[in-house]
Amino acid sequence: MNLSIEFFSTSTGKKSARIGDISLFSRYDPEKEADRFINQSLKNKNPLTIVLLGAGLGYAVQILRERLPECRIICLFYHQRLFTESQNRGDAAWHPKQQES
């Protein structure tokens, strides 16, 4: 199955992505969306390691780095292009087309 991902700029100037008519991240402010996700997921926890399944474009990684600088972040990307376009990949990252080491 070939999923064609299209990247676009949001109204806040941030990068987002869609497949066809389906937005993968917020069309308005994906950074704020990631911030809400982190707040709801972590609450007051301070984990030593976090595994992000579907790390997207790295907005959540950026927020986690700011809040938990000592935390190890492992990112799994569902698509090679999301991996390539992400600015924040954590401490370790994987995508489906990556060769095993």
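The following dialogue reads selected features of a predicted model.

Me: Which conventions apply to the numbering and to the confidence of the model?
Reply: Residues are numbered from 1 along each chain as its sequence is written, and side-chain values use heavy atoms, with hydrogens and water left out. The model is predicted, so local features need pLDDT of at least 70 and side-chain atom pairs count only at pLDDT 80 or more, while totals for chains, interfaces and linings use all residues.

Me: How many residues does the largest nonpolar core have?
Reply: A nonpolar core is a set of buried Ala, Val, Leu, Ile, Met, Phe, Trp, Tyr and Cys residues joined through side-chain atoms within 4.5 Å. Buried means under 20% relative accessible area, exposed over 50%, and partly exposed in between (1.4 Å probe, protein chains only). Here the largest such core has 23 residues, and those with the most contacts inside it are Ile50, Leu52, Leu64, Ile73, Cys75 and Leu82.

Me: Which helices and strands each supply at least two residues of this core?
Reply: Helices (H or I, at least four residues) and strands (E, at least two) are DSSP runs, numbered from the N terminus. The contributors are strands S1 (5-9), S4 (49-53) and S5 (72-76), together with helices H1 (30-42), H2 (59-67) and H3 (80-85). H2 gives the most, with 5 residues.

Me: Which residues does Ile73 touch?
Reply: Contact means heavy atoms within 4.5 Å. Leaving aside residues up to four places away in sequence, Ile73 touches Ile50, Leu52, Val61, Leu64, Arg65, Gly90, Asp91 and Ala92.

Me: Which residues of H1 are buried, and where do they lie around the axis?
Reply: The arc is that of the directions from the helix axis to the C-beta atoms. In H1, Pro30, Ala34, Ile38 and Leu42 are buried. They cover an arc of only 90° around the axis, which puts them on the same side of H1. On the other side of H1, Lys32 and Gln40 are exposed. The buried residues of H1 pack against strand S2 (15-19), S4 and H2.

Me: What is the strand order of the open sheet?
Reply: Two strands pair if DSSP finds at least two bridges between them. The open sheet of 3 strands has the order S1-S2-S3, with antiparallel pairing. S1 and strand S3 (22-23) stand at the edges, each with a single partner strand, so one side of each is left without a neighbour in the sheet. S1 and S2 pair over 5 bridges; in S2, Ile19 is the bridge partner of Ile5 and Ser16 that of Phe8.

Me: Where is Ser11 found, and is it buried or exposed?
Reply: Ser11 is in the loop between S1 and S2 and is exposed, with a relative accessible area of 62%. Ser11 touches Arg27 and Tyr28, not counting residues up to four places away in sequence. In the hairpin of S1 and S2, which has 5 residues between the strands, Gly13 takes a positive phi near 85°.

Me: How many aromatic pairs does a search of the whole structure find?
Reply: A pair of aromatic rings is described by the distance of the centres and the angle of the planes. Rings of Phe, Tyr and Trp (its six-membered ring) pair if their centres lie within 6.5 Å; planes under 30 degrees apart count as stacked, over 60 as edge-to-face and the rest as tilted. The search finds 1 aromatic pair. The rings of Phe77 and Phe83 have centres 5.4 Å apart and planes at 85°, so the pair is edge-to-face. Both Phe77 and Phe83 are buried.
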